[in-house]
Amino acid sequence: MRRRTAGAAAVLALALGAAGCGSSGGAADRRVLALDTARTRLQQLVDGTTGALTPAVRYADDAFRAVPHENAARDDDGTARLTLRRYVLTEVSAANRPRLLAQVRAYWQGLGYALPATDSPDEASAAAPDGTGVTVTVGVPGNVTVVAGAWVPDPGGIAPFGPAPSPLPTGADGSLDTMPRFRDPAWS
């Protein structure tokens with residue numbers, strides 16, 4: 001569980017960075033999208049990113065999550081970071097992970113997204129011109145997570161659009177279990 005929690009925190013940090021969240025920037029330094037616009041864009045980002053993978057992979061989506069942003073004085077600045085997380089449930093072998101990341105980078109480049117100057121063997125990220133961002137991360141045990149994020153006016157709740165669209169995989173103890181469980185000869 002500790003690895004999954006650390007991985008989720010790393011993915012969130014990467015998603016924030018991909019969409020232009022600086023450590024000193026205030027709400028004026030970032031583009032804030034209307035809540036419904038952001039919802040549509042984030043869904044498009046995760047759908048397009050996983051849709052770019054050939055052959056297709058199996059996945060599960062979490063609910064949209066909103067985390068209020070605080071300024072340096074720890075006051076809510078009226079904005080929140082809206083994220084959508086997709087967990088790839090198809091096993092991707094270590095030998096195929098570079099191909100997976102290359103496919104998503106190529107897709108994002110084709111859309112004109114800004115990519116970091118340096119590549120990482122465990123992650124790929126991009127920022128869209130509209131201020132949304134997306135990150136694909138391969139965790140230590142081989143789990144692949146897609147996170148799309150955007151700044152929105154604070155919706156006043158952590159799950160502004162309700163629960164996950166379908167039940168997320170859980171372990172025997174009832175905790176979230178997003179480890180890949182489906183094999184595919186092309187990926188596994």
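View 1. The model shown is predicted, so local features are described where pLDDT is at least 70 and side-chain atom pairs where it is 80 or more, whereas totals for chains, interfaces and linings use all residues. Residues are numbered from 1 along each chain as its sequence is written, and side-chain values use heavy atoms, with hydrogens and water left out. β5 and β6 pair in the antiparallel sense over six bridges, where two strands are taken to pair if DSSP finds at least two bridges between them. Helices (H or I, at least four residues) and strands (E, at least two) are DSSP runs numbered from the N terminus. Five residues lie between the strands of this hairpin, and G142 takes a positive phi near 100°.

**View 2. The antiparallel pairing of β3 and β6**. These two strands are joined over 10 bridges, and T79 stands opposite P153 in β6. Nine of the 10 residues of β6 are buried, which leaves the strand mostly covered; here buried denotes under 20% relative accessible area, exposed over 50%, and partly exposed in between (1.4 Å probe, protein chains only). In the chain as a whole, three helices and six strands are present, and from the N terminus on they follow the order α-α-β-β-β-α-β-β-β. Of the 188 residues in the chain, 41% are buried.

**View 3. The largest nonpolar core, with 31 residues**. A nonpolar core is a set of buried Ala, Val, Leu, Ile, Met, Phe, Trp, Tyr and Cys residues joined through side-chain atoms within 4.5 Å. The residues that touch the most other members are L42, L82, L100, W108, V134, V136 and V144. At least two core residues are supplied by each of α2 (35-51), β3 (76-88), α3 (97-110), β4 (123-127), β5 (133-138) and β6 (144-153), and β6 gives the largest share, five residues. In soluble globular proteins, nonpolar side chains tend to be buried together.

**View 4. The surroundings of V144**. Leaving aside neighbours within four places in sequence, V144 is in contact (heavy atoms within 4.5 Å) with R86, Y87, V88, V92, L100, V136, T137 and V138. V144, L100 and V136 are also among the core residues that touch the most other members. Across the chain, residues 24 or more positions apart account for 71% of the contacts with a separation of 6 or more.

**View 5. The salt bridge of D130 with R41**. A salt bridge is a side-chain nitrogen of Lys or Arg within 4 Å of a carboxyl oxygen of Asp or Glu, and the structure holds eight of them. In the pair shown, the closest N and O atoms of D130 and R41 are 2.5 Å apart. This pair links distant parts of the chain, with D130 in the loop between β4 and β5 and R41 in helix α2, 89 residues apart. D130 counts as buried because its relative accessibility is 16%, and R41 counts as buried because its relative accessibility is 17%.

**View 6. The salt-bridge network of D47, D61 and R86**. At 1% relative accessibility R86 counts as buried, whereas D47, at 35%, counts as partly exposed.

**View 7. The salt bridge between the side chains of R181 and D177**. The N to O distance in this pair is 3.2 Å. R181 is partly exposed, with a relative accessible area of 36%, whereas D177 is buried, with a relative accessible area of 17%.

**View 8. The aromatic pair of F64 and F161**. Rings of Phe, Tyr and Trp (its six-membered ring) pair if their centres lie within 6.5 Å, and planes under 30 degrees apart count as stacked, over 60 as edge-to-face and the rest as tilted. A search of the whole structure finds one aromatic pair. F64 and F161 form this pair in an edge-to-face arrangement, 5.4 Å centre to centre and with 75° between the planes. The pair links distant parts of the chain, with F64 in the loop between β1 (59-61) and β2 (65-70) and F161 in the segment after β6, 97 residues apart. F64 is buried, with a relative accessible area of 8%, whereas F161 is partly exposed at 22%.
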